[in-house]
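Take a moment with the sequence and the model before reading on. The tour below goes from helices to ligand to backbone.

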Amino acid sequence: MSAGIAAYKTPDLVRKLGELGAQVQVILSKNADQFVAPLSLQAVSGHAVHSYAMTAESETGMGHIDLARWADAVLIAPATANMMARLCQGNADELLTTVCVATEAPIAVAPAMNQQMWQNAASEANIATLQSRGVHILGPDAGEQACGEVGPGRMLQPADIAQRVGALFQSTELTGKRVMITAGPTWEALDPVRGITNHSSGMMGYALAQAAIEAGAEVTLVSGPTHISKPEHATIINTVSALDMHSAVMSSIDEQDIFIAVAAVADYRPIQSADQKIKKNADEMTITMIKNPDILADVAGREKPPFCVGFAAETNNVIDYARGKLVRKKLDMIAANHVGGSETGFGTPDNAITLITEESVIELPRQAKTALARTLIAEITKAYKAQ
Ligand code: PMT
């Protein structure tokens, strides 16, 4: 980030990028710390903040070349008129500009300046030069400015910048393909107010839906009852019970190219659901359960099944049980998910997976579900295309 008044928005920007699954390291340009406290940026990014100077001390840690290699994208927000002029010249006189010269990653800038400065002929020429070199120019917005003037030059809102940076990673690998994903828990009613369910939040399935959308797929998300926001640009089918989810999936499964079953579907449901609230009349109560249909096995068992990916939530013998499900349910791939701990699995922002096919085993260590989902979609796409 460079030294502009819009720098006060950067902690929120770092947080928004993190929500999209990004790891963020912050480099301050000279004087940027006059506008926002480095400690705030350290707290939200989870990394020490790099200052502008290239000292012997800073170069013994993650030096400019390591940072340039580490980044998948470099974003300068806010980018002042001066910073953009210096980028045009290829200056390498402080850490941020040096990283920009040294990196092979895409560079994006979010300009923020007075409207007259933005419309100055030198600024316009600099923007044109940066664009011609492939630098992504995000914004600016127009409106009332910190100086009291009105016009173009306001930095975009953090959510908008984060979404545009995310779009830099969008691929077309699944363009023209239809992907159906089940997610979340199911609810098996005992009576109108009680039911049997589990702790699935929907996060893993929704993250996969978002990653498939980013890869260009047309996504249908069949969701159990959740409390998280639905991904935009997916067709959402809300369901409650396993039977609901089964019929929602079956109604359009023949149009799908890939099916990913992430939902934690109840294996059994009460054989009867009472019409009225069950009264507390007896000391003991027995609930008779009946097996639910296995949605994934029914999809994989079709005459012309889509490419089928299952998840296996296990507390022990994770890999063996997952392999058993891969074979028994006739799947193309299964994600073995160790559950029961507090850091990964049900209801946690992070997850860790072992991705198993007949020929390969890939370990995907603990990371944000959003980041994990992107890797999973890339692996699923590779295997789908190789079949
Ligand atoms: O939603 P989150 O909080 O983010 O948590 C994610 C998760 C832990 C729920 C997810 O990562 C996960 O592991 N999902 C699978 C949960 C599960 O029910 O696993 P299972 O081993 O019981 O089922 C095996 C596979 O068959 C699963 O793909 C499941 O969707 C499918 N299945 C199971 C039973 C059934 N009746 N129909 C099915 O389709």
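What follows is a walk through some features of this structure.

The model is predicted, so to speak of local features a pLDDT of at least 70 is needed, side-chain atom pairs count only at pLDDT 80 or more, and totals for chains, interfaces and linings use all residues. Residues are numbered from 1 along each chain as its sequence is written, and side-chain values use heavy atoms, with hydrogens and water left out.

Start with two helices. Helices (H or I, at least four residues) and strands (E, at least two) are DSSP runs, numbered from the N terminus. The axes of α1 (residues 10–19) and α2 (residues 38–45) come within 9 Å and cross at roughly 10 degrees. Axes here are lines fitted to C-alpha atoms, for helices over the stretch in contact, and angles run from 0 to 180 degrees between N-to-C directions. That makes α1 roughly parallel to α2, a label for angles under 35 degrees. On α1, Thr10, Pro11, Val14 and Arg15 make the contact; on α2, Ser40, Leu41, Val44 and Ser45 do. Contact means heavy atoms within 4.5 Å. These residues divide into four nonpolar, three polar and one charged. Ala, Val, Leu, Ile, Met, Phe, Trp, Tyr, Cys and Pro count as nonpolar, Asp, Glu, Lys and Arg as charged, and the others, Gly among them, as polar.

Now turn to the ligand. There are 27 residues around the ligand, and Ser200, Ser201, Ala263, Lys325 and Asn337 come nearest. A residue is near if one of its heavy atoms lies within 4 Å. The shell holds 14 nonpolar, eight polar and five charged residues. β14 gives the most, with four residues.

Which atoms pair with oxygen atoms of the ligand? A polar side-chain atom of asparagine 337 lies 2.6 Å from one. A polar backbone atom of methionine 204 is 2.8 Å from a ligand oxygen. For a backbone N or O atom of phenylalanine 311, the distance is 2.9 Å. The protein covers 96% of the 780 Å² of accessible area that the ligand has on its own, by the Shrake-Rupley method with a 1.4 Å probe.

Last, the backbone. Most residues other than glycine have a negative phi, and most peptide bonds are trans. The bond from alanine 77 to proline 78 is cis, with omega near -5 degrees. Proline 78 sits in strand β1 (residues 74–79). Glycine 139 and proline 140 are also joined by a cis peptide bond, with omega about 5 degrees. Proline 140 lies in the loop between β3 (136–137) and β4 (141–144). Asparagine 31 has a positive phi, near 75 degrees, and its place is in the loop between α1 and α2.

Terms used:
Angles under 35 degrees count as roughly parallel, over 145 as roughly antiparallel, 65 to 115 as roughly perpendicular and the rest as oblique. A polar contact is a pair of N or O atoms within 3.5 Å; within protein, one must be able to donate a hydrogen and the other to accept it, and residues adjacent in sequence count only if both atoms are side-chain atoms.
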